[in-house]
Structure formats: C-alpha cells, structure tokens
Amino acid sequence: MQTEAGKTTATEQNSLVEEKIQKLRELYADAPELGRVALEKGLPDLRRELGAATGAQTAGRIGARQGKVSELTGIIPFAKGGAKRLRGLLQALEGNFRGGDAVGTLHDMRFVFLDYDTKLLFATAYDGEWDAYIDDFVTKIPNSMDLIFCNLEGWPGIHSSTVKDFIANHQVAAEAWYVASPNLTVAETRRLERLGKAADEFLDKVA
Amino acid sequence: MPPEVRKNPPDKDQNAEKKIQQVRELFADAPDLGKKALENVLKELTSQVSAPPPPIESAGRVGARLGKRSELTIIVPLVPGGAKRLRTFLQLLGGNLSPGATKVGTLHDMRFVFFDNDTRMLFATSFDGDWDVYIDDFIALIPDYLDLMDSAWEGWPGIRSPGAKDYLVKHQITAEGWFVADPDLTLAEIERLKRLGKAADEFLDKVA
C-alpha cells in the first residue's frame with residue numbers, strides 16, 4: 001500500500017512549501033507596502049496553492065498549456081500602412097472573425113493594436129499542440145491568414161517554408177496560464193452543447 | 001414545411017457591396033500576397049459581410065464583447081524589479097493559478113506575459129458579461145492575489161483604493177477583433193453541461 005510513501009511525500013511537500021514561502025518573503029522584501037501586506041494576508045491560501053500539483057505544461061514548440069488548452073501570444077510590428085488596412089478589414093467584418101470556426105480548435109482570439117498602431121497583439125486560446133494548431137491555420141484558412149498577416153512586417157506568406165519560424169520568433173510564452181475548463185476541447189464543448197439541447201427538447205416533450 | 005428561403009433585402013446586398021469595395025480600396029497598396037488572398041476570400045467574405053454574425057459590442061466601461069463573452073487586455077509598465085518578483089512568484093506557484101482563479105466564477109482564461117525586456121506586462125483574460133461586475137468579483141473574491149500581482153505594476157494604487165478601477169481602465173486596450181467559439185456559453189452554463197454530460201455517460205454505462 002502507498003500510505004507510508006504518501007506520508008513521507010506529504011512531509012517533504014510541507015517543507016518544500018515552507019521553503020517556497022521563505023523565498024517569497026525575501027522576494028517581496030523590497031516590494032511596495034501593499035504587496036508585502038497582501039503576501040502576509042494571502043499566506044493561508046498560498047500555502048494550499050504552493051502545495052498543489054504543478055499545472056504548467058508546454059504547448060510544444062512554444063507557449064503554455066493547461067490540460068488540453070494552450071495559449072498563443074504574439075506581438076508583431078505592423079508593416080507600413082498595415083494597421084490602417086487591418087483595422088479597416090476588421091471593421092468591415094464588424095470585429096467578428098467567423099473564419100475562426102473553420103479552424104476547429106480555436107477557443108478565442110483577439111486582435112489588439114499597440115503602441116500607437118505600430119504593433120499588433122494577437123492572442124489565442126486553442127486545443128493541444130502548437131505545430132498541429134498552426135498546421136490547421138495553414139490548411140483550413142490560408143487566404144484569411146495572408147489577408148490578416150500580410151499587414152505585418154516581414155510576413156513570409158502562409159505557404160512559405162519559414163512561416164512557422166516567423167510565428168515562433170514573434171511569440172512570447174506566457175509566464176502563467178489559467179483555463180477554467182482545462183479538459184474541454186472545442187469539439188467536446190460542441191458535443192455537450194448538442195447533448196444539452198437534446199436533453200432540453202426531451203424534457204419539454206415529457207413535461 | 002419547406003425551409004424558408006431567406007434572401008437578403010436589396011439594401012443589405014448594396015451595403016455588402018459597398019463594404020467589399022472599401023476593403024478592396026484598403027488593400028490596393030497591400031503586398032501582392034495580401035491582394036491575392038483578398039480575391040481568394042472575397043466570395044466567402046461577401047457572404048459574411050452581407051449576413052454577418054452578431055457584431056462585437058462593448059463589455060461596458062471598456063473592452064469588447066461577443067454574445068455573452070468579453071475580453072480584457074491590459075498592458076502596464078512594470079516597476080524596477082517587478083518582473084523578477086512576479087516571475088519568481090509565478091514560478092513558485094508552478095504556473096498553477098487555479099485555487100485563486102476558480103473563485104472568480106466568470107473567468108474563462110487568463111494569461112500573464114512579460115515583454116519588452118521585462119519592462120512591460122500583458123494581462124489578458126476572457127470572461128462573462130459586464131466589465132464592472134467582473135472587476136467587482138476580482139476585488140471582492142481575491143483582493144490579496146491581485147495586490148500581490150499588481151504590486152509589480154507602475155503606479156498601481158492598490159485594489160482597495162477608489163482609484164483602482166480608473167487605473168485598470170486607463171491601461172486597458174479594447175480589442176479591435178474578438179472571436180469566441182461559443183459566444184453563448186457562460187462558465188455557469190458550461191458547468192451545467194459538464195454535469196449533464198457526466199450523467200448521460202453514467203446512464204449509458206448502466207443501460208449498456
């Protein structure tokens with residue numbers, strides 16, 4: 001049985017947590033006062049959190065993943081006139097980019113213009129591995145990708161052999177990444193949605 | 001009954017043509033591959049522009065919303081030493097933010113990203129509904145976590161300060177494009193569906 005081993009691990013775990021808390025105290029010694037106060041106040045919660053299993057995983061080549069859901073965060077300079085073009089395109093679509101549905105693994109996606117229209121922040125939440133996800137973009141919506149990203153400095157074209165390097169080079173991996181339902185892929189969510197609809201219809205009929 | 005054939009009213013078609021024309025003009029000086037891509041997607045684009053899905057709306061004070069789902073994108077300058085403190089803090093948590101974050105029952109996803117040589121930080125979330133209600137949840141449910149994180153932010157007044165919301169608004173940048181796969185699913189609705197899915201699986205196991 002694992003009881004003995006479990007106990008040892010728990011003791012080790014506790015001293016590891018105390019060690020981490022000590023490190024945090026040192027780290028926050030030169031923080032603003034409200035940060036130091038927050039640390040002391042948050043200690044009970046923090047103890048639990050520090051003791052919990054590690055949640056950080058990698059999405060593959062670059063980016064963070066929690067469970068089945070990964071993050072992609074890119075910050076890329078605009079080409080000359082690119083911000084104006086992309087804004088006009090998004091406005092014509094009323095900000096809603098339904099092409100995202102065709103990718104099939106995309107949870108959410110945002111386009112944010114930074115630093116007086118000189119850079120684009122492109123951030124998504126998606127299912128699984130980085131390489132497979134980028135491949136989905138390449139095979140399913142290549143034209144939409146070129147239409148959007150041709151407005152960025154140095155975009156080699158979606159069919160170029162260096163397109164993955166371009167994306168990876170401009171991606172910044174998140175230091176922390178949280179997902180409320182880490183086990184729900186887009187496909188699984190769709191299945192549950194259909195199930196919920198069927199259950200509602202069934203209940204309406206028997207009511 | 002036969003399915004109703006829906007045709008766009010003429011003014012809607014005209015409106016779509018006008019928009020397409022605008023996009024063509026906009027891309028007149030785009031790189032070649034952009035112009036080519038435009039012609040390739042134009043057919044698809046015509047149908048999307050003429051029968052658009054619900055447009056993005058405002059999440060309230062600031063931010064974009066699609067259906068029931070909103071986005072928050074905040075970019076702040078970090079105080080000297082702030083990135084180091086915050087990074088070590090996040091590393092010690094092992095990237096696991098769940099115990100605090102799950103208390104906010106409207107938060108779908110959240111990321112912390114350092115950039116520009118650790119002088120700036122991006123804090124981006126996806127959440128349900130209205131900005132003010134969401135921020136109030138953060139303030140009421142996890143104030144100390146917020147101060148721990150945000151004490152690395154230049155000029156942060158403290159979560160209990162009356163100026164906290166103004167600070168957030170000032171540093172938030174509304175997204176110009178926002179896509180959500182399931183704009184009608186709140187977190188509460190997803191939890192309900194998860195329970196239903198589990199019950200259905202158990203039921204099917206039993207009758208099998």
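Chain A carries 25 positive and 30 negative side chains, and the centres of the two sets are 3 Å apart. Lys and Arg count as positive, Asp and Glu as negative, with His and the chain ends not counted; each charge is placed at NZ of Lys, CZ of Arg, CG of Asp or CD of Glu.

A note on the source: this is a predicted model, where local features need pLDDT of at least 70, side-chain atom pairs count only at pLDDT 80 or more, and totals for chains, interfaces and linings use all residues. Residues are numbered from 1 along each chain as its sequence is written, chains are lettered from A and ligands numbered from 1 in the order in which they are written, and side-chain values use heavy atoms, leaving out hydrogens and water.

Now the form. There are 8 helices and 6 strands in chain A (DSSP runs, H or I of at least four residues for helices, E of at least two for strands, numbered from the N terminus). The radius of gyration of chain A is 23 Å, well over the 17 Å that the globule rule gives for 207 residues, so chain A is more spread out than a compact globule. That radius is taken over C-alpha atoms, and the rule is 2.2 Å times the number of residues to the power 0.38. The C-alpha trace of chain A spans about 60 × 60 × 35 Å along its principal axes. Of the 207 residues in chain A, 49% are buried, meaning under 20% relative accessible area with a 1.4 Å probe, protein chains only.

Last, B:Arg69, in strand β3 (residues 69-77) of chain B. Which side chain of opposite charge is nearest to B:Arg69? A:Asp108, 4.0 Å away; B:Arg69 is buried yet has no salt bridge (a side-chain nitrogen of Lys or Arg within 4 Å of a carboxyl oxygen of Asp or Glu).

Notes: Buried means under 20% relative accessible area, exposed over 50%, partly exposed in between (1.4 Å probe, protein chains only).
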